[in-house]
Amino acid sequence: MSEKKYDAIIIGGGHNGLVCANIIAKKNKKVLICEARETCGGLANHEIINYIPSIPNSVTQSIGGLNLQYNPKGSIALSESGRHIRLIGNQHIDHATISNFSTQDADRYLEFDNKMTQFSKTLGGFMMDPPPRVMNNSFSDYLKLFKLGFNVRMMGKKRFNEFARMIGLNIADELEDNFESVLLQGLIAHDAVLGSNLGPRSPGSLINLLYRMAIHGNSLFGGIYEIEGGSNKFISVLLDKCSKNNVEIKTSASVKNCLIENDRAIGVELHNGEKVFGKTIISNADPRSTYSSLLGSQNLDTDVKRRIKHHRSKGRVAKLSLKLNKIPEFNECNNDDLNSRMVISPSIDYIEENFNPSKFDKLSSEPVLEICLKNNNENPSLDIQVQYAPYKAHGGWENIKDDYVNSIIKIISKYANNIENCIDSKTLITPDDLEKNYHVSGGHWHHGEIQIDQLFMLRPIPGAAQYKTHLDGLYMCGAGTHPGGGMHGISGKNAAKVVLGDL
Ligand SMILES: Cc1cc2nc3c(=O)[nH]c(=O)nc-3n(C[C@H](O)[C@H](O)[C@H](O)COP(=O)(O)OP(=O)(O)OC[C@H]3O[C@@H](n4cnc5c(N)ncnc54)[C@H](O)[C@@H]3O)c2cc1C
């Protein structure tokens, strides 16, 4: 029998891996992280992240507190005419803002906000813990199911019917039923599809928005922050905790596969041939990599192989960074606006027309953009989430990247005439680049779509929804597990709870 040096070996030092490692190590367990890149943090990196939710209390408490400062950010829907809509997540102020465009929209916005907040709270109550295992016959799982049913029941019959109606609905129908301002529709629809492979007319885009709200403090436009010092600050705090909790970290240590003995994971083999043994192995890699590469398709039965083959994880968001020599002048925008989350998504049809070519791996010349001005004086930059950039683009990314970047800049120039003169350098990171450089297969924001068949007790695939894979001793803790991606660490925290229960 091999020597089990560690209680837990974590494959990948993304923020979920680091959260998971700290929680387990705090219980006096010996933990090792093997990270493929030269540094930890994964996608929680300043070149990827724009805005984040606040890290939930349940996560911060389980790692003994995080000393982070958050700056709240408003959202501004840019209009070519200069009549922008600015929303901050305060009902009173947002109502007054929307009234300038339409009093009917303003009143309807309050109703919509209240309804969506209630629904997101109902979902959110289910997000902070591992999902129940339906056929498990365990008291705690029954209790969780009962709690969910109870929360839904407490909505009242009318709201419950509305909730059930909306679950599979597309966001476009709901917004067009409620609002006349196409700019307002475009802004809300943007947030419903950000990070996903859905257009606003795709069924399920509404639940995507509820999901986002549940992570962002159950608010439509509140609960959006920048961390002071950027996302790298969060990672450095987690790394400090690791060193205090005696977590060992190997960087540039790419894991080739799991070592398996008697149908149980007993360790990992690195690409350099080194073998390390542990009682439990936890993968922070995405589900497809975990199953296909680390576990190995030769070790999967036909049913599991089929499920992982059909797991949808093709990314659709690219990241463009424009390093600036001066701050561009955006039409009719003041300094507060420049410090807000600027969104170019002028209507539902604009987004849908942009989404359509991506279904055929083609590019739209008018992408949907979320723009973040990072202004640390010496090196200002515009960091832009570009939706929908296909994972594998027709013509090959290497041949079309430059034209695509130019089309993005052309779009921005409609809102900031002098943008071209402000740019020193441009870097576009595509989903394909994310796969190669960040080791996320498909380069997906959530390591896998947030859609009804890949959520809750079905995330990432049936039979592996409680952070345990189909192989004993091998667990998952990344964004591909419940509740999904974004920088919040809930998956890492939940996985640690499950692993500690088994150690
Ligand atoms: C373009 C883009 C923009 C985004 N913008 C935002 C944003 O603005 N706000 C927000 O909240 N979220 C954003 N996200 C989502 C967020 O970044 C991710 O959901 C989150 O960081 C995932 O964290 P994780 O720890 O689960 O996984 P990851 O960050 O992917 O970490 C996994 C780690 O495992 C390592 N690894 C993988 N395989 C191996 C192996 N075989 N051996 C060793 N190590 C391995 C990887 O190198 C990586 O470090 C964005 C995502 C994308 C793609």
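This is a predicted model: local features need pLDDT of at least 70, side-chain atom pairs count only at pLDDT 80 or more; totals for chains, interfaces and linings use all residues.
User: Does Pro132 count as buried or exposed?
Analyst: Leaving aside neighbours within four places in sequence, Pro132 is in contact with Asp141, Lys144, Leu145 and Met457. Burial requires 20 or more other C-beta atoms within 10 Å. Pro132 has 21 C-beta neighbours inside 10 Å, so this residue counts as buried.

User: How far apart in space are Pro132 and Pro380, C-alpha to C-alpha?
Analyst: Along the sequence, 248 residues separate Pro132 and Pro380. In space, their C-alpha to C-alpha separation is 46 Å.

User: Is Ser313 buried or exposed?
Analyst: Ser313 is found in the loop between helix H12 (302-309) and strand S11 (317-324). Not counting residues up to four places away in sequence, Ser313 touches several residues, among them Asp286, Arg288, Ser441 and His444. With 26 other C-beta atoms within 10 Å, Ser313 is buried.

User: What is the distance in space between Ser313 and Arg288, C-alpha to C-alpha?
Analyst: Arg288 is among the residues that Ser313 touches. The two are 25 residues apart in sequence. Their C-alpha to C-alpha distance is 8.1 Å.

User: How many of the 10 residues of helix H11 (residues 287-296) are buried?
Analyst: The buried residues of H11 are Pro287, Arg288, Ser289, Thr290, Tyr291, Leu294 and Leu295. Helix H11 is therefore largely enclosed by the rest of the structure. The number of buried residues is seven.

User: Which elements do the buried residues of H11 pack against?
Analyst: Residues such as Tyr291 and Leu294 belong to the buried set of H11. The buried residues of H11 pack against both strands and a helix. These elements are strand S1 (6-11), strand S8 (255-261), strand S10 (275-283), helix H12 (302-309) and S16.

User: Why are helices H8 and H9 described as roughly perpendicular?
Analyst: H8 (residues 182-193) and H9 (residues 205-215) pack with their axes 7 Å apart. Angles of 65 to 115 degrees count as roughly perpendicular. H8 and H9 are therefore roughly perpendicular, and the angle between them is about 85°.

User: Which residues in H9 are met by residues in H8?
Analyst: By class, the contact of H8 with H9 has four nonpolar, two polar and two charged residues. The H8 side consists of Asp191, Ala192 and Val193. On the H9 side are Ser205, Leu206, Asn208, Leu209 and Arg212.

User: Which element gives the largest share of the largest nonpolar core?
Analyst: The largest nonpolar core has 134 residues, and those that touch the most other members are Ile11, Cys20, Ala21, Leu210, Ile282 and Ala495. Of these, Leu210 touches Met116, Phe119, Ser120 and Leu123, not counting residues up to four places away in sequence. The largest share of this core, eight residues, comes from H9.

User: Which element gives the most to the shell around the ligand?
Analyst: The ligand is surrounded by 41 residues, the closest being Gly12, Gly14, Gly42, Leu43 and Gly485. By class, the shell has 18 nonpolar, 20 polar and three charged residues. Helix H1 (15-25), strand S11 (317-324) and helix H17 (431-438) each supply at least two residues of the shell. The element that gives the most, with three residues, is H1.

User: Where is Tyr388 placed, given the cis peptide bond from Gln387 to Tyr388?
Analyst: The peptide bond from Gln387 to Tyr388 has omega near 5° and is cis. Tyr388 has its place in the loop between strand S14 (381-387) and helix H15 (397-413).

User: What is omega for the peptide bond from Arg459 to Pro460?
Analyst: Pro460 is found in the loop between H17 and strand S16 (474-476). The peptide bond from Arg459 to Pro460 is cis, with omega near -5°.

User: What is phi of Asn218 near?
Analyst: Asn218 is found in the loop between H9 and strand S6 (225-227). Asn218 is partly exposed, with 19 other C-beta atoms within 10 Å. Its phi is positive in a residue other than glycine, near 55°.

Conventions: Residues are numbered from 1 along each chain as its sequence is written. Axes are lines fitted to C-alpha atoms, for helices over the stretch in contact, and angles run from 0 to 180 degrees between N-to-C directions. Helices (H or I, at least four residues) and strands (E, at least two) are DSSP runs, numbered from the N terminus. Angles under 35 degrees count as roughly parallel, over 145 as roughly antiparallel, 65 to 115 as roughly perpendicular and the rest as oblique. Two residues are in contact if their C-beta atoms, placed from the backbone, lie within 7 Å. Ala, Val, Leu, Ile, Met, Phe, Trp, Tyr, Cys and Pro count as nonpolar, Asp, Glu, Lys and Arg as charged, and the others, Gly among them, as polar. A residue is near a molecule or strand if its C-beta atom, placed from the backbone, lies within 6 Å of it. A nonpolar core is a set of buried Ala, Val, Leu, Ile, Met, Phe, Trp, Tyr and Cys residues joined through C-beta atoms within 7 Å. A residue is buried if 20 or more other C-beta atoms lie within 10 Å of its own, exposed if 12 or fewer, and partly exposed in between; C-beta atoms are placed from the backbone.
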